[in-house]
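Thank you all for coming.

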Amino acid sequence: MADLQVVADAAQQALSASDAATQQAVAALVSGGAAEPWYALGPLVDKGGPIVILLIVLSVVSAAVILLKVFQFWTAGLSRRQFVDPSIERIEAGDLEGALKIVSRPKTPLARAMAAGIRAKLRGDLRDEDVAAEIARVGAVELGNLQSYFRWLEIIGNVSPLLGLLGTVIGMIQAFQKLEAGGAKVDPALLSGGIWTALLTTAVGLVVALPAITALNLFEGKVDQVRLSMRDASARVIAGLHARPSASRSKAAQ
């Protein structure tokens, strides 16, 4: 009987140990499945602190500026240049009113700059330099509108990596302070955990900076194209004014 009791007790202990191991495994699976990745918003704010919060704010501002500029460029019709050749033909034919009607239809920066030059010529017998100056003046205003908020993208693109690096330096200092406080009982996990937490801010800073810098370069490239188009249109308007029949007759009379 005593042997049977011992066997029963051993079996009961084995069942209890099995149940405990099963419960631990289930808890590990639940906790592992619920663990959030490092790039989730909660761990970022919790581990990164105020610097990550500031970087998140900068990312929101950057996204808002990018969306605003995309909408502005799309509605401005920067790629529309079909009106240039017909208007130049009307100028060369001496029909400034007709040329003005052509460039007044499209609401684009290039069309408004050309219309300013034609209106200046219609107001009086101005010199070519004055007409070119009027086109350049209006073109500068239009380009300034297109370049609005570019400074924000530039600042965010330059400052975000530096903020991330600052957070990394602060995190490394804190990690080594904890390591020093541990004394002889050095825990490698404590150092490695502090290092990856510190590097987190650098990663966030780069993630914020890359879209801002990329979008800024693309926007500046588009503005440069518009600037070149304005210069070309200004030169063609001046050449068209020289080629007008009235201009030819006046030169012949002189």
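Is R112 buried, partly exposed or exposed? R112 is partly exposed, with a relative accessible area of 34%, where buried means under 20% relative accessible area, exposed over 50% and partly exposed in between, with a 1.4 Å probe and protein chains only.

Before I continue, please keep in mind that this is a predicted model, in which local features need pLDDT of at least 70 and side-chain atom pairs count only at pLDDT 80 or more, while totals for chains, interfaces and linings use all residues. Residues are numbered from 1 along each chain as its sequence is written, and side-chain values use heavy atoms, with hydrogens and water left out.

The side chain of R112 meets that of E142 in a salt bridge, at 2.9 Å from N to O, the term meaning a side-chain nitrogen of Lys or Arg within 4 Å of a carboxyl oxygen of Asp or Glu. Because E142 lies in helix α7 and R112 in helix α6, this pair ties together parts that are 30 residues apart in sequence; helices here are DSSP runs (H or I, at least four residues), numbered from the N terminus. E142, for its part, is buried, at a relative accessible area of 11%. By this rule the count comes to seven salt bridges, including one between D224 and R227, at 2.6 Å from N to O, and these two residues sit three apart in helix α9, about one turn of the helix.

Let me turn to the aromatic residues. Two aromatic pairs are found in a search of the whole structure, where rings of Phe, Tyr and Trp (its six-membered ring) pair if their centres lie within 6.5 Å, and planes under 30 degrees apart count as stacked, over 60 as edge-to-face and the rest as tilted. The rings of F73 and F219 have centres 5.3 Å apart and planes at 65°, so this pair is edge-to-face, and it links F73 in helix α3 with F219 in helix α9, 146 residues apart. F150 and F219, by contrast, are stacked, with 6.1 Å from centre to centre and 15° between the planes.
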